[in-house]
Amino acid sequence: MKEQIQALKRALSENPRDAEAFGKLSVILCANHQWKALFTLYKAFPHLADWSNLIGILNDTEQKETSPELKSQILYVIGRIYEKSLNNPRDAMTSYQRAVQTWRQRVEAFVAARRIYMQMGNWKMVAQMLNFELRVTEAPKRRVELLLELGMVFRNKLNDMNNASECLRAAKELDAEYVEELLAGASVARADEAEDAYNEEDEDETREAELAEEARAAEEARAAEEARAAEEARAAEEAR
């Protein structure tokens with residue numbers, strides 16, 4: 001498989017318009033859950049990238065998958081495409097919800113859904129997403145962070161002082177020293193780190209640039225070759 005992937009990448013490097021190689025590589029990367037490589041490919045060859053078609057490929061992959069954990073991962077990736085590449089938060093939310101329903105430990109889906117609700121100003125749903133994440137989070141320090149964040153939502157956005165106080169009390173019961181550390185100046189850590197595996201900032205930007213440059217250079221060489229061939233043909237025609 002590795003050799004096949006390399007061969008397809010070479011084909012695209014030599015001919016950036018090779019839609020067949022692009023399609024085959026997309027399917028292989030999807031089937032092997034190589035999400036970073038997949039996103040890098042689509043960004044390096046935007047003229048070939050069809051995000052809607054990719055969602056179809058991913059849906060087919062998800063339906064064939066039997067592992068709830070992997071099915072959830074694929075649904076989360078679909079949500080990311082809807083949100084980041086197609087600017088479709090409604091369908092993104094549906095995919096994130098399905099990801100969570102399929103596998104409750106898919107924390108990054110909670111985080112992504114919460115982000116969309118925050119953008120919409122739906123603070124009740126933000127609180128609900130934080131509560132859901134709390135239910136599947138075991139690490140004490142992370143639970144403290146979530147409780148404090150939830151408390152701030154209750155206090156600053158929902159004007160619910162009773163629940164805000166309850167969140168603070170529960171956080172102090174878990175780790176009073178850590179609570180004081182956070183409240184003294186360290187900002188509450190956001191769960192966005194849970195998305196690192198798929199976050200655009202964490203993708204291999206250097207490789208993207210290399211692929212884009214390779215594609216540009218190959219396209220220029222191809223255009224120059226076509227121009228040269230056309231010039232030779234014109235000269236031959238005139239010589240007749």
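## Helix packing, a buried lysine and the cysteines

The axes of helix H1 (residues 2–14) and helix H2 (residues 19–31) come within 9 Å of each other and cross at roughly 150°. Helices here are DSSP runs of H or I, at least four residues, numbered from the N terminus; axes are lines fitted to C-alpha atoms over the stretch in contact, with angles from 0 to 180 degrees between N-to-C directions. This is a predicted model, where local features need pLDDT of at least 70, side-chain atom pairs need 80 or more, and totals for chains, interfaces and linings use all residues. Residues are numbered from 1 along each chain as its sequence is written, and side-chain values use heavy atoms, without hydrogens and water.

Who touches whom? From H1, Gln4, Ile5, Leu8, Lys9, Ala11 and Leu12 meet Ala21, Phe22, Lys24, Leu25, Ile28 and Leu29 of H2 (contact means heavy atoms within 4.5 Å).

Over in helix H5 (residues 68–85) sits Lys71. Setting aside neighbours within four places in sequence, Lys71 is in contact with Glu62, Gln63, Glu65, Thr66 and Thr102. Its side chain reaches the backbone oxygen of Glu62 at 2.9 Å, and a polar atom of that side chain lies 3.5 Å from the backbone oxygen of Glu65.

| Residue | Relative accessible area |
|---|---|
| Lys71 | 18% |
| Cys30 | 0% |
| Cys167 | 6% |

As for disulfides (cysteine sulfur pairs within 2.5 Å), a search of the whole structure finds zero.

Terms used: Helices (H or I, at least four residues) and strands (E, at least two) are DSSP runs, numbered from the N terminus. Buried means under 20% relative accessible area, exposed over 50%, partly exposed in between (1.4 Å probe, protein chains only). A polar contact is a pair of N or O atoms within 3.5 Å; within protein, one must be able to donate a hydrogen and the other to accept it, and residues adjacent in sequence count only if both atoms are side-chain atoms.
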